[in-house]
Amino acid sequence: MSLNDQPTTLLKTIGNTPMIPLDKFFHASPIRIYAKVESYNPGHSMKDRVALHIIEEAERRGELRPGATIVETTSGNTGYSIAMTCAIKGYKCIVAVNSKCAQEKLNVLRAMGAEVHVCPANVPPVPSPVSANTSRNRTRPWRSSAWMP
């Protein structure tokens with residue numbers, strides 16, 4: 001690959017991950033079986049594909065415009081992938097997580113520019129005013145540009 005073949009943005013590397021033949025595991029198989037190594041995505045997760053697809057589809061449909069805010073409830077890699085995509089595309093990102101989320105994940109989300117709201121994890125199963133989903137839904141009315149996947 002030459003320097004001219006390099007992706008122009010980090011987002012263009014998403015999904016361009018290697019396919020590794022699994023011949024040693026399936027040596028008796030008459031067909032070749034491959035594994036897609038999603039950990040080579042920039043966020044080290046297959047969730048990078050999901051986040052990019054959701055955001056680009058919303059852009060295509062006209063639901064996301066420059067300056068918009070994306071609001072997401074997360075407990076893992078999807079939130080990181082959305083925060084990373086928002087940082088690159090210039091969207092503001094608000095993430096609601098529960099209090100069981102590891103401090104390291106919170107630090108990474110904040111490092112990606114996300115505004116993080118930590119909500120109690122042990123709330124009743126009925127809608128609670130302090131749950132992460134309720135916090136996410138409360139964000140929309142006061143931010144007219146907020147969009148929720």
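Helices (H or I, at least four residues) and strands (E, at least two) are DSSP runs, numbered from the N terminus. This is a predicted model, where local features need pLDDT of at least 70, side-chain atom pairs count only at pLDDT 80 or more, and totals for chains, interfaces and linings use all residues. Residues are numbered from 1 along each chain as its sequence is written, and side-chain values use heavy atoms, leaving out hydrogens and water.

Start with Ser 45, which sits in the loop between strand S2 (34-36) and helix H1 (47-60). With a relative accessible area of 7%, Ser 45 is buried (buried means under 20% relative accessible area, exposed over 50%, partly exposed in between, with a 1.4 Å probe and protein chains only). A polar atom of its side chain lies 2.9 Å from the backbone nitrogen of Lys 47.

Now follow H1 itself. The buried residues of H1 are Asp 48, Ala 51, Leu 52, Ile 55 and Ala 58. They cover an arc of only 135° around the axis, so they are on the same side of H1; the arc is that of the directions from the helix axis to the C-beta atoms. Turned away from that buried side, the other face carries the exposed residues His 53 and Arg 60. After H1 comes Gly 62, with a positive phi near 80°.

Finally, how many disulfides does the structure hold? There are 0, a disulfide being a pair of cysteine sulfur atoms within 2.5 Å. The sulfur of Cys 86 has its closest cysteine sulfur in Cys 93, 4.2 Å away, which is too far for a bond. Cys 86 is buried at 1% relative accessibility, and Cys 93 is buried at 2%.

Notes:
Polar contact = N/O pair within 3.5 Å; in protein donor to acceptor, adjacent residues only side chain to side chain.
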